Each structure stands twice: as C-alpha cells, then as structure tokens.
Amino acid sequence: MADLDLFAHASQKLGAPLAELIRPADLDDLVGQEQLIGPGTLLRQAIDADRLPSLILWGPPGTGKTTLARIVARRTGARFVAFSAVLGGVKEIREIVQRAKEDRQLYGRRTLLFVDEIHRFNKSQQDAFLPHLEDGTLVLIGATTENPSFELNAALLSRCRVFVLRPLDRAALTTLVRRALAHPALAARGPLPELTPAACDLLVLAAHGDARQALGSLEAALDHAREVGASTIDERLVAEASQRKVLRYDRAGDEHYALVSAFIKSMRGSDPDAAVYYLVRMLEAGEEGRFLCRRMVIFASEDVGLADPRALQVAVAASQAFELVGLPEAVLPLSEAAIYLALAPKSNTVIRAYTAARKEVRSSLALPVPAKLRNPVTALDRAQGHGASYRYPHDLEGNYSPEHYLPRALRGRRFVELGDSGEEGELRRRLSAWEELREAATAGEPAAGTPPQTAAPAPAPDGGVGEGE
C-alpha cells in the first residue's frame with residue numbers, strides 16, 4: 001500500500017516501459033472511455049467536484065482502470081491510498097482503516113482507497129470493507145477484470161457504483177501509438193524508425209483493445225528495428241517483435257463464458273462461419289479440446305437431436321478423433337463437427353421431453369409399473385398378473401403392438417412433442433400413425449384412474465428374444 005507518491009509520474013522512473021511513459025495525468029489526455037469521462041457524464045462530474053462515491057471499475061486489461069485511479073489521486077483533496085489485492089490482506093486493510101479514522105477525526109480528511117484486482121479478495125476479505133464504507137471512513141475504488149456480479153459480494157456491490165470500461169477501439173489505439181512515437185523519451189534512446197501505416201494497423205489489430213499490449217508491441221518493434229539497423233518498421237518487423245500474439249482469454253473467467261456462449265449460439269443460429277470462428281478463437285487461446293468436444297456432444301442432442309440423429313454420431317466421432325490424433329491435427333475434425341452442427345436442422349425436442357418427464361417424475365413420484373410390463377420371473381409374479389396380456393411386438397404386423405405403456409395415471413400424457421424439422425417430421429408422421437392404431441385398439445379400455453378388471457393370468461407367449469422385457 002502507498003499514498004499518492006506511489007503515483008509519481010512514470011516519466012521520472014528510470015527505464016520505465018513505454019506504456020508508463022505516456023500514461024496521461026489528466027482526464028483531458030485520457031484516450032477512450034468517453035462514455036464514462038466525457039463532458040457532462042456522471043463520473044466526470046463526480047471527479048471534477050471531488051465527490052466520488054465508492055465505485056468499481058470493471059473492464060478488460062489495458063483499458064484505463066489504473067490510469068483513471070491515478071488521475072483521481074492527483075485531483076482529489078482526500079488522502080489517496082493504493083492497495084493491491086494480490087500483495088495484501090485483511091491485516092493491511094485494518095492498518096489503512098485505522099489511519100483513515102485518525103485522519104477523519106483529527107483533520108476532517110477523507111480517505112480514498114484504490115484496490116487493484118479487487119476480485120482477488122475472497123468473500124470474507126471483501127466483508128472487511130463493509131462497515132467502513134457504511135460509516136464513511138473509506139471511499140472505495142476497486143478495479144477488476146472479472147464480472148463483479150460473480151466475483152464480488154452482493155453487500156459490497158450494493159454500496160458501490162459499477163462503471164464499465166470498454167476495450168479501446170481502433171481510433172483510440174492509433175492515437176496512443178502516434179502519441180507514443182512523439183514522446184521525447186523515445187528520441188533520447190536513439191534514432192527513431194518510421195512506423196508504416198500497415199504496421200501501425202497490425203499493432204492496433206493485434207492488441208484487441210488493450211492499450212498496454214499495443215504499446216508493449218510497439219516498444220519491442222522499435223528495439224528490434226534498432227538492433228537490425230532498420231529505418232522503417234513494417235509489418236514483418238512488427239510480427240517478428242511481437243512473435244505469436246496472445247489472445248485475451250481466461251478459462252475460468254468472464255471471457256471464457258462469453259466465447260463459449262457465442263460458439264453455442266452461433267451453431268444454434270445455423271451460422272457455420274461464426275461457429276468455426278469462435279471455435280478457433282478458443283483453441284488458439286489454449287482452451288482444452290475435451291471441453292469443446294463435450295459441448296458439441298451436448299449440443300448435438302440438445303439443439304439438433306431427432307432432426308438429424310447423425311449429428312450426435314458426428315460430435316462423438318470428433319471427440320474420439322481428438323483423443324486419437326490430438327492437437328494440432330484434431331482441429332480439423334473439431335471444425336468439421338462445428339460446421340456440421342451449425343448446418344444441421346434444429347430441434348430441441350429431446351431436452352423438452354426430458355424436462356417434461358423429469359417434472360412429472362418429481363411430482364408424481366413412483367407410480368406403479370403396469371403389471372403386463374413386469375417380468376414374470378416366479379409363480380407368485382404370474383399369480384399377480386405380471387406379464388399377462390403382454391403382446392410381443394415382433395410377433396405382430398409392422399412390429400407394433402398398439403397398447404399403453406405408461407402407468408395408468410399418466411395415460412394420454414405427452415412428453416415428446418415432435419416437430420417438422422429435418423428427419424423429425426418423418427418421425428412425427430410415424431408416431432401419429434401408431435397413435436391412431438393405439439387409440440383404435442384401446443378405445444374400450446377404462447380411463448385413467450379406473451380400477452382394472454381382475455383377470456386370470458394368461459400364459460406367456462412362446463418365442464421372442466425380448467419376451468417379458
């Protein structure tokens with residue numbers, strides 16, 4: 001933890017990275033986030049009036065969370081304390097609170113506490129802030145790259161305003177790159193190579209909205225150009241300096257869930273281009289192949305299902321191929337499966353049928369299995385009517401026995417509602433024909449809830465592998 005002197009301007013630091021050298025010291029120099037700090041915005045007015053509420057700054061890396069906190073540190077009349085959730089804990093928070101109480105009592109001065117990576121605190125550590133925010137001892141500014149709704153206590157969130165920072169757009173990143181090239185500290189390091197427009201575009205594109213990454217790549221390209229004696233930085237030099245760019249991704253974080261959601265929704269929406277794009281995004285960022293296989297197998301039943309039963313075979317085959325050949329070659333069967341699933345006709349009949357059946361099972365519990373469906377293993381079973389009147393479908397025309405199989409209390413209950421998508425339409429027509437035969441054959445049977453007539457047990461039918469099952 002530290003007071004304002006921690007935020008001494010980076011240009012005074014020997015050998016500071018380029019991102020630190022050009023970090024703005026005033027709101028008017030901050031590039032991007034106009035929706036938060038533009039003229040007339042709520043946050044801008046609070047900063048200008050030095051009346052900040054407790055707030056959470058949520059956004060991806062390199063979007064200006066720490067920069068905004070440093071600007072507030074220079075403009076506030078309150079004592080500003082910076083604290084890292086990675087390096088400190090409850091003990092340090094208690095020390096900060098004690099000092100804040102003293103400042104408030106002795107000097108009438110507020111304390112603004114900036115907590116970087118506040119999501120690193122567990123829920124009990126976050127609770128340590130609550131009473132001091134409640135009584136006004138502290139005003140909290142928390143910075144996080146993770147979704148506050150998932151990572152922060154509801155009680156803490158209720159005492160803070162959440163401000164969302166967006167990834168910087170191409171224009172903002174280009175402005176930062178050009179501003180960096182004009183910084184006098186770069187000229188002091190030696191001759192300054194010229195950055196071509198195409199190379200600048202590549203830097204900006206590869207940064208994915210992250211100012212720190214764009215400036216870090218620029219600095220590496222400048223150093224590389226000086227090493228090889230190049231007077232111009234072109235696309236090749238940028239690529240060599242940056243090596244393989246790292247896609248922003250956290251397999252346990254918000255970006256993970258966003259990409260998985262986009263992948264599934266793209267397949268469900270029958271967009272093969274988007275489906276394979278998000279698949280490759282996740283693979284290139286290091287997502288586990290087995291996870292993607294599992295998602296496609298689930299999707300094949302949940303969103304394609306009976307409309308194209310081969311979809312499940314394709315998804316399972318892709319999963320087996322992944323285990324057989326591994327990455328990188330397995331990207332091909334995985335891509336094939338994603339494209340096939342996106343192009344397949346869609347149906348959610350399977351999950352709707354399962355959900356309806358589960359709801360019925362949980363509400364009606366253990367309804368008795370009809371006696372004719374029970375296996376007559378013993379003489380007592382036969383005396384109870386088990387297996388009586390059961391007709392073996394393979395002994396009948398069309399291999400179909402038109403009778404009821406659900407428990408008596410559920411007769412007529414429909415769980416599977418087939419549609420017309422793909423092959424499901426043919427299945428629906430087949431089922432409709434069977435149901436007509438069943439209704440005609442069982443028209444004289446008692447309704448659900450009517451006690452069945454007692455009948456002498458019939459002898460079990462001869463033959464049939466599935467007899468009594």
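This is a predicted model: local features need pLDDT of at least 70, side-chain atom pairs count only at pLDDT 80 or more; totals for chains, interfaces and linings use all residues.
Residues are numbered from 1 along each chain as its sequence is written, and side-chain values use heavy atoms, with hydrogens and water left out.

Now the overall picture. The protein chain has 22 helices and seven strands, these being DSSP runs numbered from the N terminus, with helices (H or I) of at least four residues and strands (E) of at least two. Of its 469 residues, 42% count as buried. Among contacts between residues at least 6 apart in sequence, 74% join residues at least 24 apart, and contact here means heavy atoms within 4.5 Å.

How do helix 12 and helix 13 pack? Helix 12 (residues 197-207) and helix 13 (residues 211-228) pack at an angle of about 140 degrees, with their axes 8 Å apart, which makes helix 12 oblique to helix 13. The axes are lines fitted to C-alpha atoms, for helices over the stretch in contact, and the angles run from 0 to 180 degrees between N-to-C directions. Under 35 degrees counts as roughly parallel, over 145 as roughly antiparallel, 65 to 115 as roughly perpendicular, and the rest as oblique.

On the side of helix 12, L203, A206 and A207 meet Q213, A214, S217 and L218 of helix 13. The residues of this contact divide into five nonpolar, two polar and no charged, where Ala, Val, Leu, Ile, Met, Phe, Trp, Tyr, Cys and Pro count as nonpolar, Asp, Glu, Lys and Arg as charged, and the others, Gly among them, as polar. The buried residues of helix 12 are A199, C200, L203, V204, A206 and A207, and just after this helix H208 takes a positive phi of about 55 degrees.

The largest nonpolar core has 29 residues, and those with the most contacts inside it include L195, L218 and I233; such a core is a set of buried Ala, Val, Leu, Ile, Met, Phe, Trp, Tyr and Cys residues joined through side-chain atoms within 4.5 Å. Which helix gives the most to this core? Helix 13 does, with seven residues. If we leave aside its neighbours within four places in sequence, L195 is in contact with V177, R178, L181, C200, L203, L218 and I233. A second, separate core of 27 residues includes M267, L292, A337 and A344.

Finally, let me turn to a few single residues. R44, in helix 3 (residues 42-48), is buried, with a relative accessible area of 13%. N399, by contrast, is partly exposed at 49%, and has a positive phi of about 55 degrees although it is not a glycine. The peptide bond from L327 to P328 is cis, with omega near 10 degrees, and P328 is found in the loop between helix 18 (310-325) and helix 19 (331-343).

Notes
Buried means under 20% relative accessible area, exposed over 50%, partly exposed in between (1.4 Å probe, protein chains only).
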